[in-house]
Every structure is written in C-alpha cells, then in structure tokens.
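Morning, everyone. I'd like to walk through the salt bridges in this one. Here it is.

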Amino acid sequence: QGIYPDTERVHGGSKSLRFDQRRATGQPRLISLFGRAEVGRRYRLSAWFYREHPEDGLALNCASPAMHGALTVQLDKNDPVGQWFRKEAVMAKPTVQEKDVPAPFVRFHTNLWATNPEQRGAVWIDDVKMELVEEDGE
C-alpha cells in the first residue's frame, strides 16, 4: 500500500512512518483513532517530517466531535527537503457544548500527493503529538 514503519530514517525513538509513493497502489492513506479530546479545550497538533523531493506533499489531519473542527498540518513547497523539520497547528477555541458531543475521540488521517508524478518520492513522519493548549488563567 505504500505506508510502512521505517527503522532507518527516524527523528526520535526507533521507528518513523514512511509514505512511499513509488510503492503505492492508489492513494496511500492512514486512518487511526488516537486518544480522547476534552470538550471546550484547545489543542496543538505537531509532527516532524522528512521528504525526498519538494513536490512530495503530506497532510496530517486531526478531527474530533469534541474539537468541533479539525487541525491540519500540511507540507508546502517552501518546506525543507532532505532534512527533518517540525510543523504545527493550533486550533481556535471551540464553541461546542458538552451536550453536542456524542463521543470525544480523536481521528487522524493523512493525504499524500506529488505535484510532479515524474519526481515522486517518499515522505516520513515521526513524533506526532497532540497537546492541550493551556489558556491564560488556567
């Protein structure tokens, strides 16, 4: 499918996740449930990325009914190539009410693309974190 653990190129720990477009059949996509979100709180989503070509793109999306919206960390053409770099996104303060939240799970999914099919390569992701953002006075 083009998505697999990699022990040779890692940022932290002993494994990263490799999205290899050369070995992919169709659009490699990862969907996972991860932890829980608290209603009415803000979160920061961050991850470390490594890519082979400037045309390789990856978006990490995080959504939850408790978050009343989504967070996206996405590569763009100005991001580095051939080195690890960190990106993050912080969500706006949610307005959802407790009664509106059926299940406060967190769902991650990815989208992978190459703007130039002749230059398709791989993108690695490591050290994904979703952290609670403390508000002033809390």
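Start with Glu 88 and Arg 44: their side chains form a salt bridge, N to O at 3.5 Å. By salt bridge I mean a side-chain nitrogen of Lys or Arg within 4 Å of a carboxyl oxygen of Asp or Glu. This pair links distant parts of the chain, 44 residues apart: Glu 88 is in strand S7, residues 85–90, and Arg 44 is in strand S4, residues 42–51. Strands here are DSSP runs of E, at least two residues, numbered from the N terminus.

A word on the source. This is a predicted model: local features need pLDDT of at least 70, side-chain atom pairs count only at pLDDT 80 or more, and totals for chains, interfaces and linings use all residues. Residues are numbered from 1 along each chain as its sequence is written, and side-chain values use heavy atoms, with hydrogens and water left out.

Now accessibility. Buried is under 20% relative accessible area, exposed is over 50%, and partly exposed is in between, with a 1.4 Å probe and protein chains only. Glu 88 is partly exposed at 41%. Arg 44 is partly exposed too, at 24%.

Next, Lys 87. Its salt bridge with Asp 76 has the closest N and O atoms 3.6 Å apart. Lys 87 lies in strand S7 and Asp 76 in the loop between strand S6 (69–74) and S7, so the pair ties together parts eleven residues apart in sequence. Lys 87 is buried at 17%; Asp 76 is partly exposed at 37%.

Lys 87 also meets Asp 79 in a salt bridge, 2.9 Å from N to O. Here both residues, Asp 79 and Lys 87, are buried. Back to the opening pair: shared partners join Arg 44, Arg 86, Glu 88 and Glu 131 into one salt-bridge network.

How many salt bridges does the rule give? Seven.

How values were computed:
Helix = DSSP H or I, 4+ residues; strand = E, 2+ residues; numbered from the N terminus.
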